[in-house]
Amino acid sequence: MKSKGIVSAFFTAALLVFPLSSLLAYEGGAVSDGGTITGVVKFKGAAPAPKKLEVTKDKEVCAKSAKNDPGLVVSGGNLVNAVVSITDIKKGKKMEPQKATMDQNGCEYKPHVLAMTAGSSVDIINPDGILHNVHSYSKANSSFNMAQPKFKKTINVKIDKPEVISLKCDVHGWMSGWLFVGENPYFGVTDNSGSFKLTDVPAGTYNVEVWHETLGKVSQKVTVKAKEEAKVTFAMEKK
Amino acid sequence: MAVRGYDENEEKKSYGSVFLLGTSLLVAVSLWSLWDDNITRRPWKKYQTEFYRLDYRKAKAAYDEENKKLEADPAYQELVKKLAAEEASLKSGDLAKKVKALNREEIKANVRFTEIDQGVKFIKSELEEAWYEYDHAVQQGRNTRPYQETIQQLDKEKARLDPELEAARQKREQIKEEIKKLQTGVKEMETQLSKMAEERDKWIRVMENATVNLGPLSIYKIPKIRQIVLDEFDRNNFDEPTGRVDRCQTCHMAANRPGFENEPQPFRTHSRREVLLADSAHPPDKFGCTVCHEGQGAAVNSVQQAHGEVPYWESPLLRGVKAQSSCASCHLDVQKLQDAPLLAQGQRIFEQIGCTGCHLVKGYEDLPKAGPSLRRISAKVDPNWMVRWVQNPHNYRPQTRMPNFSLKEDEAVAIAAFFWSVSKEEGEKWQEGHPLPTGFREGDKELIAKGKILVESIGCKGCHGFADGEVATVLGKEKEIIPNLKNIAAKVGPRWTYHWVKNPRDFSPATRMPSLRLADQEALAITGYLMTLGGKSEGISGIEERLSDAKNAKRGEALVRKYGCFGCHDIPGMEKESRIGVELTTFGSKTLEELFFGNRADIRHTWDDWTYNKLKTPRIYATERIEQVMPQFALADEDIKSLRILLAGFRDKKAPSRYAADHSQRVVQVVEGRRLMHQYNCIGCHEIENRGGFIRKYYQENPTLAPPILNGEGEKVQSPWLFSFLKAPFSVRPWLNVRMPTFDFSDQEDNLLIGFFNGLSKVEIPYAYFDDGKVPKENLDAARVLVSKEYFNCFSCHKQGDRNPEGPQEGWAPDLTLARNRLNPNWIIKWLQDPQKVQPGTKMPSFYPGGPDNILGGKDDKQIEALRDYLATLGRKGSAADGGRSASR
């Protein structure tokens, strides 16, 4: 009992001494003999029929293409636009900020989910020639809500802290997009067949998490061996 | 032979021992008195010595720490070495030689300069003389020629010497400069070093402050009383101003010094020192300590005495949160004090739970009655419910503000019978004109569903809860300001409910419940829904007869008078009754002798304990002979404690005005307006002063559908607009389902609220002139382009008079033609510069910085100004030549 107390006191002291950020810090470098994690995210249950989005405004521009609700897209039983990431990796491949692009062409965010590392910047482009606004809902980063009139073709924003940020356009209420900002470079968005691939993962056992905007999160432990491919299947369902 | 008067024996006797005894006693007593006076009776000396030691030790440690850092700093060490080398060189090396040579030259140059200077000075004197002779000759009419010649001669000589003198001066300066240059290296390095060692060397000063130097010896400072005198702070029994002496910092020496946060008392730094003791707040040199903490400021002979924790000292020390009760002696607006949350909480409870119905407190005299009017109560409630409610309201609704009078059933029946008898006539008359609508069918599913949707969307939940735990504005920890309606069907019927929700003031003119401008069908639907909440009250046998029994009513009247029901309720025939409780204006100053503990031996005899137990169990001090009637409010412990902090501040002495905080008209407006705002529960829906907006929890999915946040409203809108809006609210935000209700504010109330918002925003001048005629045409032209589809496309979301934007209503934004009369022109500028800063989370995006380059020279501020001008003139009738109008600021 007593020794337990001492141990926990030690850990509390350690927590006090080391700021939390140092625990989260990710160290990047060269990875040789890295393995790969590949797999699919399955959708449990009957695939929902695509829901049509009603374009209520600026129809001459926005209604050019038919739109489906991007909130839950299932393709061949697999989930599209889910983000798979390793949550507990401390050391691995180099983490470089990216220059990403989010396109609003036709009053739709493309890609619907954009994944990038913390510190990256994203060009939000408006080829529509009408007014959009980019309204972010975030906690770790400061939220922004910027108008993007016709003459402003590009807005550049830099996102410094890892989190999942929702993007909305208040002018066109149906528009919705997501920025997944990773704290390490190991993440991937499931493609149109619901599959993903994380490369150059140093050998080890990791917690791999799937995030989906409407279905929430699931995770499992995955062991990666050097130069080998670890296959994983996730399954998500409606709660 | 014996000499008279001479006693040989007596002469031979020795008094030495007596003298010795006397002298040693004297010495001992002197020593003792010295000891007693300086040591025993000066316990504070021990603390001060201890503090100096602590201070020195800490400073030394900090110094060593910094020193270690410097020692490990290669840059610093290198500089030290460089400086030493330079100094050595200057003393005996190369530099020394150069300096020596230069010094010699300097002497020579100096001699030369002095010689020439001497020559020039002689010539100047001779010139003076020659001019004198010349003037003299002119005055006497003599020949001036020789003098003129002398003058010319001397002038020539001087003209020859002047440049030589200048050359010699320059030579001398040049040499001086060279010497200085050779020495600057050292000076520069010294400044650089002391800058690098700043963090370290500041501790030297701290150490010096804790010690005195006696020649080569250094000892800790000699303790001495540190006192502050607050001129004319107190008043004596003859009401003459007297100073207050405050010696607390004799022991509490680090109260206003950082770095002692973790030391034991009396050496600890004051909590939140940077804020509370700041020069802009309460610098201890001006306010001392007892102003907030009480105690016996002048006493230093023992800790107990200094803290006033001795018998008969009437204001013992207030520790920790208890010091909050002192804030009210200088601050009128205690609600805005961030460091007195308990006091503010206590005040809110005190003002709203009905204390002032029975107790008079100066400054709280005019609060409205806490309970509803009972003039037509018989037309409103179920008689069975009434009896049970009177008997113990907490059974039906534990969170109600109504206290429990612990009555027996027959007493409750008697009181109900009295209320029935006085309200019967009025009630029946009202009922005649207010029948149940014919279309109403209880249990109509469609109607109920419609009613539920209305209740959840139009804003009822900003005030009322409709299920367990659903509550908008809480009072303290456990009480609700506005009834939870989860059991409402047990209390009232559909007929009353329908007419009540349609127009509450028709039934009860003084009610706080506003009208939501419901259509008949809407009122009907809401009635249908409400009647599904809870079951009907169980019948009490023979209730009708018992309530109409005149004997019961008579007994009830006596009970109503005994318990003072009219303190909180408007009761016919009792309008002029006065409060039944004791006045509490100076309750906090009551001494123990003035508090009646009854026969309770188990309660500690302190003011704190008496008050806590009184609020916890109001009749606790009753004895067999002495009855107590204060009812049970069933307050949570922490609410009792915050009320106690407020009560402790009800003192007979207030601080003189020169020590008081801002009591200007603006603050008075804020305090009065806030009271009214609390009374009408504006914060149920709106966030004001960063507090409230409790309804927002239902809008987490889409906060833009919640009622607007009103932080900074005074700065935002024009007072005349707000005045008429509050009188007759309309939908400013067409996308909201939630409705701003109509409160039927009186002119006075309306003005109080405007004063409140203006006061919060520090708007000193509510009216100012915006001259439409002076708006440049260039601005209007530019703004028209800016708002157009090609640019900002403002009307993509904003309404413009009758012209609605495209798309569904929830995407709309306010009518911009309202801006002219509604918004303060300066606020429009602030808003356009950064809407997110003014109202975080708003749908309005920022258009700036980054306006188009081709309009008004691409200058953002010019464009924003143009938009302001455009909005301030949009929708006006006639042309710009119409001239100006009043606008708020």
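Author: Two residues are in contact if their C-beta atoms, placed from the backbone, lie within 7 Å. Also, this is a predicted model.

Reader: OK. Which residues in H4(B) meet H6(B)?

Author: Among them are B:Tyr76, B:Leu79, B:Val80, B:Leu83 and B:Leu90. On the H6(B) side the partners include B:Val186, B:Met189, B:Leu193 and B:Met196.

Reader: How do the axes of the two helices cross?

Author: The axes of H4 (residues 74-92) and H6 (residues 145-196) of chain B come within 10 Å and cross at roughly 150°. An angle over 145 degrees counts as roughly antiparallel, so H4(B) is roughly antiparallel to H6(B).

Reader: Is that crossing left-handed or right-handed?

Author: The crossing of H4(B) and H6(B) is left-handed.

Reader: Different topic. Which residues of H24 in chain B are buried?

Author: In H24 (residues 607-616) of chain B they are B:Trp607, B:Trp610, B:Thr611, B:Lys614 and B:Leu615. Seen down the axis, these fall within an arc of 120°, so they line one face of the helix.

Reader: Why would residues a few places apart point the same way?

Author: An α-helix has 3.6 residues a turn, so residues three or four places apart point the same way.

Reader: And what do the buried residues of H24(B) pack against?

Author: They pack against helix H25 (637-648) of chain B.

Reader: What about B:Gln718, buried or exposed?

Author: B:Gln718 is buried, because it has 24 C-beta neighbours inside 10 Å and the cut-off is 20 or more. B:Gln718 sits in the loop between helix H27 (713-716) and helix H28 (719-727) of chain B.

Reader: Last one. What separates the centres of domain 1 and domain 4 of chain B?

Author: Taken over C-alpha atoms, 76 Å. Domain 1 covers 71-205 and domain 4 covers 664-760.

Key:
Residues are numbered from 1 along each chain as its sequence is written. Chains are lettered from A and ligands numbered from 1 in the order in which they are written. This is a predicted model: local features need pLDDT of at least 70, side-chain atom pairs count only at pLDDT 80 or more; totals for chains, interfaces and linings use all residues. Helices (H or I, at least four residues) and strands (E, at least two) are DSSP runs, numbered from the N terminus. A residue is buried if 20 or more other C-beta atoms lie within 10 Å of its own, exposed if 12 or fewer, and partly exposed in between; C-beta atoms are placed from the backbone. The arc is that of the directions from the helix axis to the C-beta atoms. Domain bounds come from an automatic or database domain assignment. Axes are lines fitted to C-alpha atoms, for helices over the stretch in contact, and angles run from 0 to 180 degrees between N-to-C directions. Angles under 35 degrees count as roughly parallel, over 145 as roughly antiparallel, 65 to 115 as roughly perpendicular and the rest as oblique. A crossing is left-handed if the near helix is turned anticlockwise from the far one by less than a right angle, and right-handed if clockwise.
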